[in-house]
Amino acid sequence: MAYTKEAKILGDNRIFALSTEIKKYTLRDVGFTESKGGKFVLERPLDPTSPYNASIKLKVTISSDLKTFKIGVTSANGLKEINIFKGSDVEKHVEQLNFIIDNLKERDILIEKN
């Protein structure tokens, strides 16, 4: 996954972009951590039964200048991108994904493009 101005999650029809209103303090409030290079990273598990299980997770990484980002659902170790719209527990994983995405949209971090 490369950093882009617009991105999609594998298997999802929606296209996301960063809000023009994005602020570093809002990223920290939502749970993003800042790397040594200044990037902001958010990792959230998509297991609806327990947020502590090592399972697939949503990973959002925003560049230090807050202009480009990448987003995807990855395996537990974060190395392989996964399509949660196929396979078992689709509804549960998609519900968790939508909950997290809605929170990011409400906080002016992401916007959904048409």
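Trainee: Why is Glu6 called partly exposed?

Mentor: Glu6 has a relative accessible area of 42%, and since buried means under 20% relative accessible area and exposed over 50%, with partly exposed in between (1.4 Å probe, protein chains only), Glu6 is called partly exposed. The model is a predicted one, in which local features need pLDDT of at least 70 and side-chain atom pairs count only at pLDDT 80 or more, while totals for chains, interfaces and linings use all residues. Residues are numbered from 1 along each chain as its sequence is written, and side-chain values use heavy atoms, with hydrogens and water left out.

Trainee: What makes the pair of Glu6 and Lys113 a salt bridge?

Mentor: A salt bridge requires a side-chain nitrogen of Lys or Arg within 4 Å of a carboxyl oxygen of Asp or Glu, and the closest N and O atoms of Glu6 and Lys113 are 3.5 Å apart. This pair links distant parts of the chain, with Glu6 in strand S1 (residues 6-7) and Lys113 in strand S7 (residues 110-113), 107 residues apart; helices (H or I, at least four residues) and strands (E, at least two) are DSSP runs, numbered from the N terminus. Lys113, with a relative accessible area of 34%, is therefore partly exposed. By this rule the count of salt bridges comes to eight.

Trainee: How do you know that S1 and S2 pair, and which residue is the bridge partner of Glu6 in S2?

Mentor: Two strands pair if DSSP finds at least two bridges between them, and two bridges join S1 to S2, which run antiparallel. The bridge partner of Glu6 in S2 is Ala17. S2 also pairs with S7 in the antiparallel sense, over four bridges, and there Phe16 stands opposite Glu112 in S7.

Trainee: Are Arg14 and Asp12, which form a salt bridge, buried or exposed?

Mentor: Both values fall under the cut-off, so Arg14 counts as buried at 17% relative accessibility and Asp12 counts as buried at 7%. Their closest N and O atoms are 2.8 Å apart.

Trainee: How many strands form the open sheet, and what makes some of them edge strands?

Mentor: The open sheet has four strands in the order S3-S4-S5-S6, with antiparallel pairing. Strand S3 (33-34) and strand S6 (69-74) are the edge strands, as each pairs on one side only. Six bridges join S4 to S5, with Pro45 opposite Lys57, and six bridges also pair strand S5 (residues 57-62) with S6. In the latter pairing Thr61 stands opposite Lys70 and Leu58 opposite Val73. S5 and S6 form a hairpin with six residues between them, and Leu66 in the turn has a positive phi of about 60°.

Trainee: Why is S5 called largely enclosed?

Mentor: Five of the six residues of S5 are buried, so the strand is largely enclosed by the rest of the structure.

Trainee: Why does Phe40 count as buried?

Mentor: Phe40 has 0% relative accessibility and therefore counts as buried. Phe40 belongs to strand S4 (residues 40-45), and its contacts (heavy atoms within 4.5 Å), not counting residues up to four places away in sequence, include Leu27, Phe32, Val60, Ile62 and Leu66.

Trainee: How many residues has the largest nonpolar core, and which have the most contacts inside it?

Mentor: A nonpolar core is a set of buried Ala, Val, Leu, Ile, Met, Phe, Trp, Tyr and Cys residues joined through side-chain atoms within 4.5 Å. The largest such core has 27 residues, and those with the most contacts inside it are Phe32, Leu58, Ile62, Ile71, Leu104 and Ile109. The elements that give two or more residues to this core are strand S2 (15-18), helix H1 (24-30), S4, S5, S6 and helix H2 (90-106), and the largest share, five residues, comes from H2. Leu104 touches Val30, Phe32, Leu42, Val60, Ile109 and Leu110, again not counting residues up to four places away in sequence.
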